[in-house]
Amino acid sequence: NQLAIGLIIGQTVASGKDFIVHLAKTPHSDTQSNVDDEVVSELLKITDIDNKQVAEHALNALRMIVGGFNILGLFVVSESNIFSDTSALQKLKTVLMDIKVTLDSNGLLFANTDALDDGNKLLLNYITGHKNFVCKTISTDPSKAPSASPVDWKFVAKATEWFEFEAVYEVDTVFPLPHATNHFDTEKYIMETINKISEDLNKSIIFFNGEPKNKEMTVDKLMAELEEATNVKVTIYNESSKLATSENGVLKQHESMVRYTGIVDSRVYGCSRNSIAEIESYIREDVIRSITTRLQIYYDALLANDDGGNDNENGQDQDVNSTIPPRRVFFPIGNGKVSFSDYLFQYENEETTVKQSMDVLGVDLPSTEVVTTAEANVQLKHPEKSEILSNATEEFSSLAKNDTGKLILLVGIIGLVV
């Protein structure tokens, strides 16, 4: 009979159906006065829900969800029907609105599904007093009343058949960075470079098992062509970069740069109703979501570990960062036909993912089911600052040449700040 709230994770298909793959309960915790630790406690009523906690949970969950899947709404376990309580509906709408604000502020995670659901999010209520459930949609538009529209939610006896599409996306590019006065400026400028990677990716051509496919073709027809294969290898071809000429080029001096080099392992999932165009969009979303996620995690860790020992009078870090963002690992959910992902630093192992998957998604995962072979745990040398400044390009080029094949450094960052 305990009240609970959580996230509905699934895929919205252009044909109008939602496919739900996971329900993740949001942990409810209280921060006691004069105590630093959070204490897990019982959620007593809807008004006790902490909007910020649920929104943060949605962001953390989204970082583990592969492209094509998103946060589609909320589920609530309660003793009575929440749709009969106007104040409860109003509260839950504010929760959904705060989730939307949080996820929209992280646009490169591609969490906005308004184009497919018109801003109407799922609200599933399991009523313990009657042992039944009711599902409706509620708009996140603040100008609309918190009224709910009915939804035909079905629990099916046979699980949806999912097909895996795996791509390896190569990145090798350098960006100059504007002057930064602190860590936060540097992070902002680096995150903005991902927009350029996204633009290039959107212009790319995608092949399926070595061939281009009609974008209107459905996955079931593709699988019929491939003789019922359940895993499809995807290749991404980018346009060749155009070099600036003396007529259109501008020479500027920059004090910093960021270089991305390596490959990103991407795995997305589609059902028979998906079109090739949808699968291509899932792949592009997944690559950018993965790069964005690991950079956010990387900077969170960098700031947490910075002792400020080499900052100038403006608070600008004078250290040279020659480090690797976390690599991607995969783990199965549900019946194992779909996998989500986690990100591990060099010093972390499968047990980190086991804990993270339980804390964020509520998935009880044996460490043996964590797939750590998709991306290699690469070791970088740490030369002196002067050596990095003079040999950065050679070091990373050598790394890319030496680590051939699939298991190489996925996204390596070198940030040079002087």
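In this predicted model, Asp117 counts as buried, at 14% relative accessibility. Its side chain meets that of Lys121 in a salt bridge, with an N to O distance of 2.8 Å. Lys121 is buried because its relative accessible area, 8%, falls under the 20% limit. The pair belongs to a network of salt bridges that links Lys100, Asp104, Asp114, Asp117 and Lys121.

The search of the whole structure finds 18 salt bridges. Three of them are set out below.

| Salt bridge | N to O distance |
|---|---|
| Lys121 and Asp117 | 2.8 Å |
| Arg267 and Glu166 | 3.5 Å |
| Lys355 and Asp359 | 2.6 Å |

The side chains of Arg267 and Glu166 meet in a salt bridge. This pair links distant parts of the chain, for Arg267 is in strand S12 (residues 256-270) and Glu166 is in strand S9 (residues 163-177), 101 residues apart. Both Arg267 and Glu166 are buried.

Lys355 and Asp359 both lie in helix H7, four residues apart, or about one turn of the helix. An α-helix has 3.6 residues a turn, so residues three or four places apart point the same way. Lys355 is exposed, with a relative accessible area of 55%, whereas Asp359 is partly exposed at 36%.

**Nonpolar cores and surface patch**

In soluble globular proteins, nonpolar side chains tend to be buried together. The largest nonpolar core here holds 54 residues, and those that touch the most other members are Phe69, Leu74, Ile99, Leu123, Phe340 and Leu361. Among the elements that each supply at least two residues of this core are strand S1 (4-12), helix H1 (51-64), helix H2 (86-104) and helix H7 (350-361). Another core, of 41 residues, lies apart from it and includes Val171, Ile194, Ile206 and Ile288.

What does Phe69 touch, leaving aside residues up to four places away in sequence? Its contacts are Gly10, Gln11, Val21, Trp162, Tyr269, Arg289, Val338 and Phe340.

Helix H1 has 14 residues and reaches 20 Å from its first C-alpha to its last, close to the 20 Å expected. Because 11 of its 14 residues are buried, H1 is largely enclosed by the rest of the structure. The buried residues of H1 include Asn51, Gln53, His57 and Arg63, together with Val54, Leu59 and Met64.

On the surface, Tyr126, Phe133 and Phe155 form a nonpolar patch with about 320 Å² of accessible area together. Tyr126 is found in strand S6 (residues 120-127) and is partly exposed, with a relative accessible area of 35%.

**Backbone features**

Most residues other than glycine have a negative phi. Asp118, however, has a positive phi of about 60 degrees. Asp118 lies in the loop between helix H3 (114-117) and S6, and is exposed, with a relative accessible area of 58%. Lys131 also has a positive phi, near 55 degrees. Lys131 is found in the loop between S6 and strand S7 (132-139) and counts as exposed at 66% relative accessibility.

**The chain as a whole**

The chain has eight helices and 16 strands. Buried residues make up 49% of its 418 residues. Among contacts between residues at least 6 apart in sequence, 74% join residues at least 24 apart. The accessible surface of the chain comes to about 20900 Å², and carbon and sulfur atoms account for 49% of that area.

Definitions and conventions. Residues are numbered from 1 along each chain as its sequence is written. This is a predicted model: local features need pLDDT of at least 70, side-chain atom pairs count only at pLDDT 80 or more; totals for chains, interfaces and linings use all residues. Side-chain values use heavy atoms; hydrogens and water are left out. A nonpolar core is a set of buried Ala, Val, Leu, Ile, Met, Phe, Trp, Tyr and Cys residues joined through side-chain atoms within 4.5 Å. Buried means under 20% relative accessible area, exposed over 50%, partly exposed in between (1.4 Å probe, protein chains only). Contact means heavy atoms within 4.5 Å. Patches are made of residues with over 30% relative accessible area and no salt bridge: like charges are joined within 9 Å, nonpolar side chains (Val, Leu, Ile, Met, Phe, Trp, Tyr) within 5 Å. Accessible areas come from the Shrake-Rupley method with a 1.4 Å probe; for residues, only the protein chains shown count as cover. A salt bridge is a side-chain nitrogen of Lys or Arg within 4 Å of a carboxyl oxygen of Asp or Glu. The expected span of a helix is 1.5 Å times one less than its number of residues.
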